[in-house]
Amino acid sequence: MRIVIKKFTELTTEELYQILKLRSDVFIVEQQCPYPDCDDRDRNAHHLFVEKNGHIWGCLRILDKGEEFDEISIGRVAVHYEYRGIGLARHMMKKALFFITNYLDKDVVKIAAQLYLEGFYESLGFKRISDKYLQDGIAHVDMIYFMMDAEDESPDEKEPVMEPPTGLLI
């Protein structure tokens, strides 16, 4: 199994198809939530996916500031039913947070979490910052993650921002 991060324009047609199919299977079919998954935000996102033997088993997207929130955000976290319960979503989230910190040089991440997954995101260090609300008929809460206390590090001590390479494997 390998984890890959690519910008939308770097995805192959097959990778894009498998990502969209997995998201459709999870969010629209399994959760019985007819909503417009293709929302134009994918074009500006980084897509993290887990690939094994030519199949994508998990995925998420990383949105820049201003796409969904004022902060950078992670969303559309999906894992194929055959790979649930083994920590794959946790591993993907940790890799996404590593990428955001080390390649995008961001300190804060905001998410719109499905309410039933609040405990999962809290276990990764996210804190709830909103009341419950409905999004596409499903209960959500906004949560935030602080990578570090920005005041603890002066700009002179900060490492230079690394440009994300094409098709990063992490």
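Several strands cover the buried residues of helix 1, including strand 1 (2–7), strand 2 (46–52), strand 3 (55–63), strand 4 (72–79) and strand 5. Keep in mind that this is a predicted model. Which residues of helix 1 are buried? They are Glu15, Gln18, Ile19, Leu22, Arg23, Val26 and Phe27.

Now follow helix 1 itself. Helix 1 runs over residues 13–30, which makes 18 residues. From its first C-alpha to its last, helix 1 reaches 24 Å. That is close to the 26 Å expected at 1.5 Å a residue. Helix 1 also has a kink of about 30°. The kink is centred on Ser24. Just after helix 1 comes Gln32, with a positive phi of about 50°.

Is Cys33 buried or exposed? Cys33 has a relative accessible area of 6%. The cut-off for buried is under 20%, so Cys33 counts as buried. Cys38 has a relative accessible area of 57%. The cut-off for exposed is over 50%, so Cys38 counts as exposed. How many disulfides does the structure hold? The count is 0.

Next, go to strand 5. This strand spans residues 108–114, and Val108 belongs to it. Val108 has a relative accessible area of 23%. Buried means under 20% and exposed means over 50%, so Val108 is partly exposed. Which residues does Val108 touch, leaving aside its neighbours within four places in sequence? Val108 is in contact with Glu71, Ile72, Ile144, Tyr145, Phe146 and Met147. Val108 and Ser73 are 35 residues apart along the chain. Their C-alpha atoms are separated by 8.5 Å.

Move on to a loop. Ser130 sits between strand 6 (127–128) and strand 7 (133–135). Ser130 is buried, at a relative accessible area of 18%. The side chain of Ser130 reaches the backbone nitrogen of Asp142 at 2.7 Å. Ser130 is in contact with Val141 and Asp142, leaving aside its neighbours within four places in sequence.

Finally, turn to the aromatic rings. A pair of such rings is described by two things: the distance of the centres and the angle of the planes. The structure has 5 aromatic pairs. One of them joins Phe99 and Tyr103, with 5.5 Å centre to centre and 25° between the planes. Planes under 30 degrees apart count as stacked, so this pair of Phe99 and Tyr103 is stacked. Phe99 is buried, at 1% relative accessibility. Tyr103 is buried too, at 14%.

Tyr121 and Phe126 form another aromatic pair, 5.9 Å centre to centre. How are these two rings arranged? The angle between the planes is 80°. Angles over 60 degrees count as edge-to-face, so Tyr121 and Phe126 are an edge-to-face pair. Tyr121 is buried at 7% relative accessibility. Phe126 is buried as well, with a relative accessible area of 1%.

Tyr121 and Phe126 also belong to a cluster. Together with Phe120 and Tyr145, they form one aromatic cluster. Val108, in turn, lies in strand 5. Strand 5 is among the elements that cover the buried residues of helix 1.

Definitions and conventions:
Residues are numbered from 1 along each chain as its sequence is written. This is a predicted model: local features need pLDDT of at least 70, side-chain atom pairs count only at pLDDT 80 or more; totals for chains, interfaces and linings use all residues. Side-chain values use heavy atoms; hydrogens and water are left out. A disulfide is a pair of cysteine sulfur atoms within 2.5 Å. Buried means under 20% relative accessible area, exposed over 50%, partly exposed in between (1.4 Å probe, protein chains only). Helices (H or I, at least four residues) and strands (E, at least two) are DSSP runs, numbered from the N terminus. Contact means heavy atoms within 4.5 Å. A polar contact is a pair of N or O atoms within 3.5 Å; within protein, one must be able to donate a hydrogen and the other to accept it, and residues adjacent in sequence count only if both atoms are side-chain atoms. Rings of Phe, Tyr and Trp (its six-membered ring) pair if their centres lie within 6.5 Å; planes under 30 degrees apart count as stacked, over 60 as edge-to-face and the rest as tilted. The expected span of a helix is 1.5 Å times one less than its number of residues. The bend at a residue is the angle between axes fitted to the seven residues ending there and the seven starting there.
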